[in-house]
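Okay, thanks for making the time, everyone.

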Amino acid sequence: MIKHNHSQPFLISIFLLFNSILLSATDFIFNGFNSSDVLLYGNATIDSRVLTLTHDQTFSIGRALYHKKIPTKQPNSSYIYPFSTSFIFSMAPYKGTLPGHGLVFIFTPVTGIQGTTSAQNLGLFNLTNNGNSSNHVLGVEFDVFMNQEFDDINANHVGIDINSLTSLVSHDAGYWPDDRKSNDENSFKELKLNNGENYQVWIDYEDSLINVTMAPVGMKRPIRPLLNVSLNLSQVFVDEMFVGFTSATGQLVQSHKILAWSFSNSNFSLSEELITKGLPSFVLPKDSIFNSKGFVAGFTVGVFFIICLFALLAMVLVQRMRSRARKRAAMEDWELEYWPHRMTYEEIEAATKGFHEENVIGVGGNGKVYKGVLRGGAEIAVKRISHENDGLREFLAEISSLGRLKQRNLVRLRGWCKRDQGNFLLVYDYMENGSLDKRVFDCDESKMLNCEERIRIIKDVAFAVLYLHEGWESKVVHRDIKASNVLLDKDMNGRLGDFGLARMHNHDHVARTTKLVGTVGYMAPEVIKTGRASTKTDVYMFGILILEVMCGRRPLEEGKPPLVECVWQLMLQGELVNALDERLRAKGELLNLQEVERVLNLGLLCAYPEPQARPTMRQVVNILEGKKEGQDSEIENMDTYLLQQLNSRDILSEYTQYFSYASHPTFEDIRHSSSMSLTWSKSIVEEGR
């Protein structure tokens, strides 16, 4: 019987692979070059046994390749032979010339420099063939020009290129010292490639892993490589290829030099035989500034210039101090009080391009509002207030209140300016998304706020009003809370603005003014009777704000009953959720019924006709935030009371009885009021401030 030996084919395969590796072995080392060692193309020369790729010519290419092809890939296989190479290079600058562009260690299937261009293309590719997979080129670039076309990370980097000058991976040129932790990024030592210093590079490839390491010549090879990349070259390499260097200059010029080079695909320690001592240096000598002929003259001129500069600066400072003193002498008392927030008219005029009409973003009762951009790039909104309609009082109200308030849900007043008597400017942060009413009323669906966004903005305004009432050294009554005075920043956060009607007084005092101001439809019933505003009237306005934002309609609309009474009737019918904006209901954006009903109930509670029954803004915030009994000892009892009111029907009968004789004020109520003299307009009622 014949016995078959199954191990024989395996041994044959091992033998063939080993024999293939032996046949592919290529080893060489050059500690200095002769013309027979390499093939030279373009401007490449050998000078004193130094391989010089480029000289001082602009837009030149230099290439040097080992004089014959080397096996790089096993025939009829995807196996890539390993290799290890090391070389010492220098990029030598020329005195008085900006240096550039860099050099590349390459594997290429062809000789010559056809199909390549200079400058940023490094003599490797050109505009048409860059990125072609048919190039079959591997390159390790040492680039000293940052080219956005190739996504370069900076003007001093090392990168690995596959068929393209857009590096597969790149890193700042340098190394990690062995005396530091290898994972300590702060220990990295950057090396400037084109300062004339000599650097040694090691490039190893084995088992589809390429390592690139560099260090100053004479230093032991660092343990941690600069680049460590998994790279399959089976589709890049052909069976045999040339290996060598290419470089280029452009308008920027430097000399690219190779001083020594070793290569092996069988002996990875061959690089240790490179001579690293006694090499020529190409660092430019530093000229002593004290030896230059122009130093004495330059020093003399410099001293004279400095003296003149100090004299001029002193004159300017004296003139400015005198001018400021004259301005202060001419200032009114209120200008001196709010001086730190003052801006120059010229600065505001430049920001708004001379108050050009194309920058108008709104028109108010006392003037236009312009968009502007300050010199540093900050966007602003500028309100121009005229002396008409008591503009000075509005101006002073804004800078005396908003100018000193700091809260993230208030529109920030950047500064102010008085051009002349009766011409006032207020400068605010620009709110990218405009006012809240533009996102609720009469807007297309793409800009309309959904239910969740509306409730979030209502909470923002609640925090702002709470700060005005309790969070500052004085109590501030806004007196004009409405959707058009709520602005939206770039992140759609609500910010309360327009403090033209605001009043401040101590926390333990009651406001003394009895003059009627505000917007029809938002004023509480007691304001119509007494003209006295308080934190309770702000709460009432906030309740109207809740209802108009959630219902998507204004408090008073021609031919329709008042908004509060409509919502009230729906609540009596058990259909409160139907008060929600019909556009949201049509889209099915109800968030959840319990949340919608809770917010609408809160709106009705805040807009309750009897002032003492309204909650405080702190209680409003707690309800909006969902706080319940026991979370805050100071408001524990009132929180429980409010939550019970929102879920009970006891308040409904009381509300109904009150409506029978004290409805919300209308246009007609105010127009025919005989208790005071009023200035009538379509939306604002005021008699001084």
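Before I start pointing at things: when I say that two residues touch, or are in contact, I mean heavy atoms within 4.5 Å. And keep in mind that this is a predicted model.

You'll find Asn-147 in the loop between β9 (138-143) and β10 (157-162). Leaving aside residues up to four places away in sequence, Asn-147 touches Gln-120 and Asp-152. What about Asn-121? Asn-147 and Asn-121 are 26 residues apart in sequence, with 9.7 Å between their C-alpha atoms. So is Asn-147 buried or exposed? The cut-off for buried is under 20% relative accessible area, and Asn-147 comes in at 9% relative accessibility, so Asn-147 counts as buried.

Okay, zooming out to the whole chain. We've got 15 helices and 29 strands. Of the 689 residues, 49% count as buried. The accessible surface comes to about 34,500 Å², and 52% of that belongs to carbon and sulfur atoms. Now take the contacts between residues at least 6 apart in sequence: 67% of them join residues at least 24 apart.

On to the strands. Have a look at β14, residues 198-206. Eight of its nine residues are buried, so this strand is mostly covered. One partner of β14 is β7 (residues 83-93): the two pair in the antiparallel sense over eight bridges. If you want a landmark there, Phe-87 stands opposite Val-201 in β14. Then there's β15, residues 209-216, which runs antiparallel to β14 and is joined to it by eight bridges. β14 and β15 make a hairpin, with two residues between them.

Seven bridges join β23 to β21 (residues 379-386), and the two run antiparallel. Here the pair to click on is Ser-386 and its bridge partner in β23, Asn-423.

Next, the nonpolar cores. Which residues touch the most other members in the largest one? That core has 66 residues, and the answer is Leu-436, Phe-542, Leu-545 and Met-550. The elements giving two or more residues to this core are α6 (451-471), β25 (486-488), α7 (525-530), α8 (535-551), α9, α11 (593-606) and α12 (617-624). Let's pick out Phe-542. Not counting residues up to four places away in sequence, Phe-542 touches Ile-458, Val-461, Ala-462, Ile-481, Cys-606, Met-617, Val-620 and Leu-624. Apart from this core lies another one, of 50 residues, including Phe-33, Phe-237, Ile-258 and Phe-263.

Last stop: α9, residues 563-572, where Leu-563, Val-564, Val-567, Trp-568 and Met-571 are buried. Why do I say they line one face? Seen down the axis of α9, these buried residues fall within an arc of 135°, so they line one face of the helix. And just after α9 there's Gly-574, which takes a positive phi of about 75°.

Terms used:
Residues numbered from 1 in each chain as written. Predicted model: local features only at pLDDT ≥ 70, side-chain atom pairs only at ≥ 80, totals over all residues. Heavy atoms only, no water. Buried < 20%, exposed > 50% of the residue type's maximum accessible area, 1.4 Å probe, protein only. Helix = DSSP H or I, 4+ residues; strand = E, 2+ residues; numbered from the N terminus. Arc of directions from axis to C-beta. Core = buried A, V, L, I, M, F, W, Y, C linked by side-chain atoms within 4.5 Å. Pairing = 2+ DSSP bridges. Areas by Shrake-Rupley, 256 points an atom, 1.4 Å probe, with all protein chains shown as cover.
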